[in-house]
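Let's take a walk through a protein model together. Have the sequence and the 3D view open, and look up each residue as we get to it.

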Amino acid sequence: MTNRTKVAVIIGGIGLAAAATAVGWHGSQPSLGMPRAHAATATQKPVVFTPPPDSEIPKGKFGDMIKLGENVFRHPDIYAKSYVGNHLRCSNCHLSAGRLADAAPMWAAYSAYPAYRSKNGKVNSFEERLQGCFRFSMNGKVPKLGSKTLIALESYSYFLAKGAPLGEKLAGRGYPKLPKPALPVSYSRGAVVYAQHCAACHGATGQGQSSGGKVVFPALWGPQSFNWGAGMGSVKNAADFTYQNMPLGMPKSLTQQQAWDVATYIDSQVRPEDPRYLGSVAATRKKFHHTKFSMYGKTVNGVLLGQPDQAKSTPGVLPK
Amino acid sequence: MKNQLKIRLLTLIGAGLLSLSLSLHSALANPDSPGGKKIALIGAEPGIPSCSACHGATGAGQLSAGIPRLAGLTAPYILAQLEHFRHGTRENALMTPFAKKLNTTQMQAVAEYYASLPVPRPSGANPPVDQQLRKQITMGSSLAENGLSQSAMPACAACHGEAGLGVGTFSPDIAGQSAAYIADQLHEWKANDRRDPLGAFMRAEALHLSPSDIKAVAAYFASLPGASTAKGATK
């Protein structure tokens, strides 16, 4: 693994002639703050960065915290049990446990905070951003700032970001943005794409599938999935993610139109209530879902999406 | 490597057919036996040798020879493979002639029989003594659990589960499966073996793997005891 990373780093360095001589990473030796990323000088090309391998996790208490963070990331239903209300994993959306470029890698997210977010209209610390994942994507309870769970996740992300430059645009952050679809998005075309390309893993009714009692393929809708406040509930986010990363191992095998359509289909299903619910779907849509990318509050197949109790769940309580 | 395996298999088949078919034929020729069990243990007429000659009476396979364990694989999976052998979508010089002699009902019966058997697994109690094998297993566990983020190769566990137990009809149970068999299959996918629509996933996956990666993941899954003792599932 170490060698592989080194090769990747070196190749990256060669690609950027300006930085070729600055490649200073020496395998498993401590990096002494030597940047592993290669700043582009002449052009404003995004910076290519490779996170360190697990073998570089330091020994001692900090290393233990990093490892705990990685465990939470892979198995929140075990390591952050009291804060989650479904069997999704952080690594379902942040692939390769937060390492994979273009799959919302944690090394790129880490250095992007603190940041202003229009979602809540304030500057969010990284920990506050993590709280949002628990509240919405995990349909959970929010761990307090400074709680062990958040410190562990932050430590793991810090570790992955070690050597990444601050204030630079990192290649691979988030999901690559798709251009607008050529045709208006279509729920019914999306249903066909879903049946052909997604149902084998995620199940015909979006319920996901397990192996030996452990969820392997996450539920995409219904009571076991993310709630209406989650980022993946945005058709745009879901389309960006899907085009780049789905089906697993076959990135960009769907057309962009298929990605838009299937994201529309998935995000037009029932799911747990938005925890910010304001007493009516209309008011909640107006305040929190006032965008064409949210299906919340729209009527699809005769169902007004977003009504409480459509997909009954108890936030922060794991379903059996 | 492939030829060696074939010779290995043919020798085993010869020996197995003689000993097992002869000894089991009289003992188990019970007309009340469910069809699947009969085909599995004593073969079917005309001229279909027993599956157990190679895969063993318990369906445990002959792991070191690369003959896979069948016990505990799902019936739809086994049936699908037999159909692939019959139609040539999955190429295998040994299995194709047998599969061509079975009709669909017989295939279904034998698939259900093997699916019903208890699954023999490695105990997982003692780590292997062999240093090199231990190294391979460690390397394999990283590939299986993390994939290769640099080349966007998903973790094997993302489809087979962290304990390697497989998912429904999508991915087979490979915990404790023959390492030689897993490695052979990965090499075949890498060489663009078509097989079936789901094989597209394995072809995409195998393309990322070097020969030493293949050895490593094969050794890792062969070592798994099957229970959910994968990292993270225990604490």
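Here is a short report on the two chains and some of their annotated sites.

## Reading the model

This is a predicted model, where local features need pLDDT of at least 70, side-chain atom pairs count only at pLDDT 80 or more, and totals for chains, interfaces and linings use all residues. Residues are numbered from 1 along each chain as its sequence is written, chains are lettered from A and ligands numbered from 1 in the order in which they are written, and side-chain values use heavy atoms, with hydrogens and water left out.

## The two chains

Start with chain A, which has 13 helices and six strands. (Helices are DSSP runs of H or I with at least four residues, strands are runs of E with at least two, and both are numbered from the N terminus.) Of its 320 residues, 51% are buried, where buried means under 20% relative accessible area, exposed means over 50%, and partly exposed is in between, using a 1.4 Å probe and protein chains only. Now look at contacts, meaning heavy atoms within 4.5 Å. Among those in chain A between residues at least 6 apart in sequence, 64% link residues at least 24 apart.

Chain B has eleven helices and zero strands. Buried residues account for 51% of its 235 residues. For contacts in chain B between residues at least 6 apart in sequence, 65% join residues at least 24 apart.

## How confident is chain A?

The predictor gives each residue a confidence called pLDDT, from 0 to 100. Chain A has a mean pLDDT of 87, with 86% of its residues at 70 or more. Which elements of chain A have the lowest and the highest mean pLDDT? The lowest belongs to helix α1 (residues 2-15) of chain A, at 39, and the highest to helix α12 (residues 256-266) of chain A, at 98.

Across residues 1-36 of chain A the pLDDT is below 50, and the model gives this stretch 51 contacts beyond near neighbours in sequence. Residues 38-42 of chain A also have pLDDT under 50, with 13 contacts beyond four places in sequence. Where pLDDT is low, the predicted coordinates should not be read in detail.

## One annotated site in chain B

UniProt, in an unreviewed entry, lists B:Cys51, B:Cys54, B:His55 and B:Met95 under "binding site". They are spread over 45 residues of sequence but cluster in space, with a largest C-alpha distance of 11.5 Å. A word on such records: UniProt positions are given in the numbering used here, feature names are shortened, and annotations may be inferred rather than shown by experiment.

Is B:His55 buried or exposed? It counts as buried, because its relative accessibility is 10%. B:His55 is in helix α3 (residues 52-55) of chain B. Leaving aside neighbours within four places in sequence, its contacts include B:Ile67, B:Pro68, B:Met95 and B:Tyr114. B:Met95, in turn, is in helix α5 (residues 95-101) of chain B. Not counting residues up to four places away in sequence, B:Met95 touches B:His55, B:Leu82 and B:Phe85.

## Another site in chain B

Under "binding site", UniProt also lists B:Cys156, B:Cys159, B:His160 and B:Met202, again from an unreviewed entry. Though spread over 47 residues of sequence, they cluster in space, and the largest C-alpha distance is 11.3 Å. B:His160 is in helix α8 (residues 157-160) of chain B and is buried, with a relative accessible area of 10%. Beyond neighbours within four places in sequence, B:His160 is in contact with several residues, including A:Ser211 and B:Met202.

B:Met202 is part of helix α10 (residues 199-206) of chain B. Leaving out residues up to four places away in sequence, B:Met202 touches B:His160, B:Leu186 and B:Trp189.

## Two helices packing

Helix α9 (residues 179-190) of chain B packs against α10(B) at an angle of about 90°, with their axes 8 Å apart. (Axes are lines fitted to C-alpha atoms, for helices over the stretch in contact, and angles run from 0 to 180 degrees between N-to-C directions.) So α9(B) is roughly perpendicular to α10(B); angles of 65 to 115 degrees count as roughly perpendicular, under 35 as roughly parallel, over 145 as roughly antiparallel and the rest as oblique. On the α9(B) side the contact is made by B:Leu186, B:Trp189 and B:Lys190, and on the α10(B) side by B:Gly199, B:Met202, B:Arg203 and B:Ala206.
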